[in-house]
Amino acid sequence: KDALPTFYNLTLRLEKQINIGSAGRLYIMVDAFNLLNSNMPIRSYSKNDGNAYLRNVGTGVEQYSHAPYANNGILNEILNPRVLRIGARFEF
């Protein structure tokens, strides 16, 4: 059976609170996603050889047809590695 590789997803967040007197608080955040992996495949097109058997119900004649599937087993989606996000939040 064909299967995609097992992967582990590690996500971290660093957050710093800065008090701004009576005006409120400012939070500075840095998020890091998928720190352990490189370009990890998470979905691929199914493997299909393109064969089809067709039966005409009225006559009972069976026909065989073959057309190669253009996306046979190629990658459809990857999980991007080491994505960083920087943000700020203000509370008053």
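I took contact to mean heavy atoms within 4.5 Å. The model is predicted: local features need pLDDT of at least 70, side-chain atom pairs count only at pLDDT 80 or more, and totals for chains, interfaces and linings use all residues. Residues are numbered from 1 along each chain as its sequence is written, and side-chain values use heavy atoms, with hydrogens and water left out.

**Entry 1: D31**

I located D31 in strand β2; strands are DSSP runs (E, at least two residues), numbered from the N terminus. Leaving aside neighbours within four places in sequence, I found D31 in contact with L12, R13, V83, L84 and R85. Is D31 buried or exposed? D31 counts as buried, at 6% relative accessibility; buried means under 20% relative accessible area, exposed over 50%, and partly exposed in between (1.4 Å probe, protein chains only). I also noted a polar contact of 2.7 Å between the side chains of D31 and R13. Such a contact is a pair of N or O atoms within 3.5 Å; within protein, one must be able to donate a hydrogen and the other to accept it, and residues adjacent in sequence count only if both atoms are side-chain atoms.

**Entry 2: the sheet**

I looked up the strand order and found an open sheet of three strands, β1-β2-β7, with antiparallel pairing. The edge strands, β1 and β7 (83-91), each pair on one side only. Two strands pair if DSSP finds at least two bridges between them. Nine bridges join β1 (residues 12-20) to β2 (residues 24-33), with Y27 in β2 as the bridge partner of Q17. β2 and β7 also pair over nine bridges, and I recorded E91 in β7 as the partner of R25. In the hairpin of β1 and β2, three residues lie between the strands, and G21 takes a positive phi near 55 degrees.

**Entry 3: N34**

I placed N34 in the loop between β2 and β3 (40-44). N34 is buried, at 2% relative accessibility. Among the residues that N34 touches are Y8, T11, L79 and R82, not counting residues up to four places away in sequence.

**Entry 4: rings**

F90 and F92 are stacked, at 5.9 Å centre to centre and 25 degrees between the planes. Rings of Phe, Tyr and Trp (its six-membered ring) pair if their centres lie within 6.5 Å; planes under 30 degrees apart count as stacked, over 60 as edge-to-face and the rest as tilted. F90 is partly exposed at 42% relative accessible area, whereas F92 is exposed at 84%.

How values were computed. Helices (H or I, at least four residues) and strands (E, at least two) are DSSP runs, numbered from the N terminus.
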